[in-house]
Amino acid sequence: MLEKDIKKVLVSEEEIKQTCIKLGKQITEDYKGKDPLVVGLLKGCMPFMTELMKNIDLYIDIELMGVQSYHGGTQSTGDVKITRDLDIPVKGRDILIAEDIVDTAKTISVITKLLKYRGANSVEVVTLLDKPAGRVVEFTPKYIGVTIPKEFVVGFGLDYDEKYRNLPYVGVLKEEVYTK
Ligand code: PRP
């Protein structure tokens, strides 16, 4: 049913799986001897963080933070709102923020600065998707799954008006869906 609203599949289920294996291996290697705190930014991070975690072979802790900047539309408002904060202090921790997408990079810049301000030892970002053509704020995530063109994508955590997060792949939404 959801598929009829999708113009094309951009990142398939299999590609997502392989990407998470690759990222997980790299993270496991880079954080050897450390116990990183993986912080997922809700709600978009859910499927990606779940898939990624399985491929990290370290004593990680996980935390979730609720952050919103799109407020339902197809454009970031730039107004980053924390809807749920972390349950634990981050002082001295090596933090890895898990994101579904970095687009304008406004969200990730705000949250990275906040966690550094709170005393984290290091803050890095792992994102399933990177859309460099969308940048408003300069930012390069350390770990990037797939670089995508400037198209509005949904699925695997990404929404349009809170829908389509449950698609098992990342696809381009038909324009008629958000212009009607
Ligand atoms: C989306 C996405 C990222 C952010 C990226 O979140 O999950 O957190 O936007 O966009 P940016 O680089 O332009 O800031 P959204 O605010 O839509 O909330 P959600 O995770 O609940 O979908």
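**Ligand**

I began with Thr 107: a polar atom of its side chain sits 2.5 Å from an oxygen atom of the ligand. I take a polar contact as a pair of N or O atoms within 3.5 Å; within protein, one atom must be able to donate a hydrogen and the other to accept it, and residues adjacent in sequence count only if both atoms are side-chain atoms. I noted that this is a predicted model, where local features need pLDDT of at least 70 and side-chain atom pairs count only at pLDDT 80 or more, while totals for chains, interfaces and linings use all residues. Residues are numbered from 1 along each chain as its sequence is written, and side-chain values use heavy atoms, with hydrogens and water left out.

I then checked Thr 104. A polar atom of its side chain lies 2.5 Å from a ligand oxygen. For Glu 99, a side-chain N or O atom is 2.6 Å from an oxygen atom of the ligand. I looked up the cover next: the protein takes up 95% of the 500 Å² of accessible area that the ligand has on its own. Such areas come from the Shrake-Rupley method with a 1.4 Å probe; for residues, only the protein chains shown count as cover.

Which elements give two or more residues to the shell around the ligand? I found β3 (61–68), β5 (94–102) and α3 (106–117). Helices (H or I, at least four residues) and strands (E, at least two) are DSSP runs, numbered from the N terminus. The largest share of the shell is from β5, with 4 residues.

The ligand has 19 residues around it, and the closest are Ser 69, Glu 99, Asp 100, Thr 104 and Thr 107. A residue counts as near if one of its heavy atoms lies within 4 Å of the molecule or strand. By class I get 6 nonpolar, 6 polar and 7 charged residues in the shell. Here Ala, Val, Leu, Ile, Met, Phe, Trp, Tyr, Cys and Pro count as nonpolar, Asp, Glu, Lys and Arg as charged, and the others, Gly among them, as polar.

**Parallel strands**

I followed β5 to its partners. It pairs with β6 in the parallel sense over 8 bridges. Two strands pair if DSSP finds at least two bridges between them. Asp 94 faces Ser 122 in β6. The unit of β5, α3 and β6 is a right-handed β-α-β. Right-handed means that, with the strands pointing away from the viewer, the path from the first strand over the helix to the second runs clockwise.

Why do I call β6 (122–130) largely enclosed by the rest of the structure? It is because 7 of its 9 residues are buried. Buried means under 20% relative accessible area, exposed over 50%, and partly exposed in between (1.4 Å probe, protein chains only). β6 also runs parallel to β7 (143–147), with 4 bridges. Thr 127 has Ile 144 in β7 as its bridge partner.

I moved on to β2 (37–42). 5 of its 6 residues are buried, so β2 too is largely enclosed by the rest of the structure. It runs parallel to β3, joined by 6 bridges. Leu 37 stands opposite Asp 61 there. The path from β2 through α2 to β3 is a right-handed β-α-β crossover. β2 is also parallel to β5, with 4 bridges. Leu 37 has Ile 95 in β5 as its bridge partner.

**Open sheet**

I listed 3 strands in an open antiparallel sheet, in the order β1-β9-β8. β1 (6–11) and β8 are the edges with a single partner strand each, so one side of each has no neighbour in the sheet. β8 and β9 run antiparallel with 2 bridges. Val 154 is opposite Gly 171 in β9.

Most residues other than glycine have a negative phi, and most peptide bonds are trans. I looked for exceptions. The bond from Leu 42 to Lys 43 is cis, with omega near 0 degrees. Lys 43 falls in the loop between β2 and α2 (46–53).

Asp 161 is not a glycine, yet its phi is positive, about 55 degrees. It sits in the loop between β8 (153–154) and β9 (170–173). Tyr 164, not a glycine either, has a positive phi of about 75 degrees. Its place is in the loop between β8 and β9. Are these residues buried or exposed? Asp 161 is partly exposed at 45% relative accessible area, whereas Tyr 164 is buried at 8%.

**Thr 28**

I ended in helix α1 (13–30), where Thr 28 lies. Thr 28 counts as buried, at 15% relative accessibility. A polar atom of its side chain is 3.1 Å from the backbone nitrogen of Asp 57.
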